[in-house]
Amino acid sequence: MNIHPTANVEAAAALADDVQVGPFCIVGAGVTLGPGCRLLARVSITGPVRAGRDNVFHPNVAIGGPPQDLQPPAPDGRIEIGDGNLFREAVTVHLPKMPGGVTRIGSRNRFHFLSHVGHDSTVGNGVVLATYAVLGGHSVVQDEAWIEGLGGTHQFVTVGRRSWTRSHIPITEDVPPFMWVDGNHFEVKGVNPRYQTEALERAYGTVWGSGLPRPEALARLEKDASPEVAELAAFLRRSAAGRFGRAGEASRGASR
Amino acid sequence: MAIHPSSVIESGATVDPTAEIGPWCVVGPQARIGPNTRLVHSVTVAGRTTIGARNVFHPYCAVGGDPQDLKFRGEDSVTIIGDDNIFREGVTVNKGTWLGGNKTSIGNRNYIMAGAHVAHDTTIEDQCIMANAAMLAGHVRVESCAILSGMVAVHHFVTIGRYAFIGGVSRINQDCPPYMITQGFAGEVRGVNSVGLRRRGFKPEVINALRDAHRSIWRSGLPKPEALAEVEKRNGGIEEIRTLIAFLRASDHGRMGRARESLRTTPLAPEPEAEMLE
């Protein structure tokens, strides 16, 4: 273990043998850090936080602050972080406000400067939050989604797997998987070029290009044999069942 | 007094005995920190900054620093912060310049979220919320109970009216009327902030009058002065309507839709002539 003499690591924190803690870092009592984790300088990790292996925390990162909410935090909430994540400067991750809640981050994600994971949010694996990308509370970001800079999710939004959201977009509705979103207001523009398939192109045309009513378009999608299209159809059904185009809104009642 | 030994309180600073200062904070020689205010850790309070009671500054906040402004000449300006405000991680508050009366001021019970910026000569009244990375340019005024969503960027000299709600990632170049929702790349008025007003206990008849005013002013197609006169005739007895009308008239008297533009005493760069562009 390599802890700089100016760092403040509580005795009750559980750090793997090769964890590096740089100058002026704070590591609270309820923190567990797996092998290979590196805290560069002025990093703050407090509250119940469990992080796996090989996570890198750049200066001024603050993990484990109370939720940014007018209600008090849940006494038993915690943060779970997987392996191999990169937290660039000034990233913030907040504790949940739901009783027994978890703010969860998977593995191999990249969080760029000042990006934010709000209370009770879930981030999958291989996600990129670019500079200033902000997740409102209770957001879900599925695997390999890419959110460009200055994009912000509304509370309870789900960002679908392998989707691509361009910069400066207020993400007020669920982002469908495999699609890309752009525009002055939220608009689905096409299939994410990185994951293009003929079946997805057809599906995009059916849902957003045909003018068909949504239930009819979804019924057509469900006849398609492609697993990606099936995933897209199921996702869109869930979003349509929620309020305001957000499947997660269904869980809002529990928080009030 | 709970001051962590690693923090630097420069001589001349006044820190109330009940204030709590965590590790690696720096409190400058002209700073005053009131009772029960808490600096979690790694917070910097610079300049002639007065902070009231029961505020919380989360890590990496920098308060009272120099303005990000080319006209700043090193004047001894101030930053005044009231009571019960919460500043989340990495918030920056800059002190004033001569043009703005040498003062940046923040009232009481505001919640300023991570990465937000409060620029020189800005006034924030009471009970406002600024979400993550919301940015105020210099000389902005935010009236009580306004809410700015994430990544909202506000132009110099703009006024945000009381109980206004600004939608996420909006670009605000003009005054935002009180009681209304403003949103978008062009910062357009979308409707009455009825959810916010209901939560704050406004009566249904007031909200209905504001809805009626919104229809006349932004949806009827009438010229603005006529619409305002009509709304005033119909509902001028309601205080909120009078506030709305006075706000909109003040914005129209200013330049570029900003009432506070009149405070800009330095000459603006001349607009390029049409011929020059051709």
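Which residue forms a salt bridge with A:Asp54, and how far apart are the closest N and O atoms? Let's work through this and a few more exercises together.

The model is predicted, so local features need pLDDT of at least 70 and side-chain atom pairs count only at pLDDT 80 or more, while totals for chains, interfaces and linings use all residues. Residues are numbered from 1 along each chain as its sequence is written, chains are lettered from A and ligands numbered from 1 in the order in which they are written, and side-chain values use heavy atoms, with hydrogens and water left out.

**Exercise 1. Find the partner of A:Asp54 and describe the exposure of both residues.**

Step 1: Recall the rule: a salt bridge is a side-chain nitrogen of Lys or Arg within 4 Å of a carboxyl oxygen of Asp or Glu.
Step 2: The partner is A:Arg53, with the closest N and O atoms 3.5 Å apart.
Step 3: Buried means under 20% relative accessible area, exposed over 50%, and partly exposed in between (1.4 Å probe, protein chains only).
Step 4: A:Asp54 has 39% and is partly exposed; A:Arg53, with 42%, is partly exposed as well.

**Exercise 2. Follow the salt bridges of B:Glu261.**

Step 1: B:Glu261 meets B:Arg258 in a salt bridge, at 3.0 Å from N to O.
Step 2: B:Glu261 also forms a salt bridge with B:Arg264, where the closest N and O atoms are 2.9 Å apart.
Step 3: Now check accessibility: B:Glu261 counts as buried at 4%, and B:Arg258 counts as buried at 5%, whereas B:Arg264 is partly exposed at 23%.

**Exercise 3. Name the residues of a salt-bridge network in chain A.**

Step 1: The linked residues are A:Arg246, A:Glu249 and A:Arg252.

**Exercise 4. Describe the lining of the second largest pocket.**

Step 1: A pocket is an open set of points on a 1 Å grid over the protein atoms alone, where a 1.4 Å probe fits, with protein on both sides within 12 Å along at least five of seven lines; lining residues have an atom within 4 Å of a point.
Step 2: The lining has 29 residues, and those nearest the centre are A:Gly65, A:Pro66, B:Arg38, B:Val40 and B:His58.
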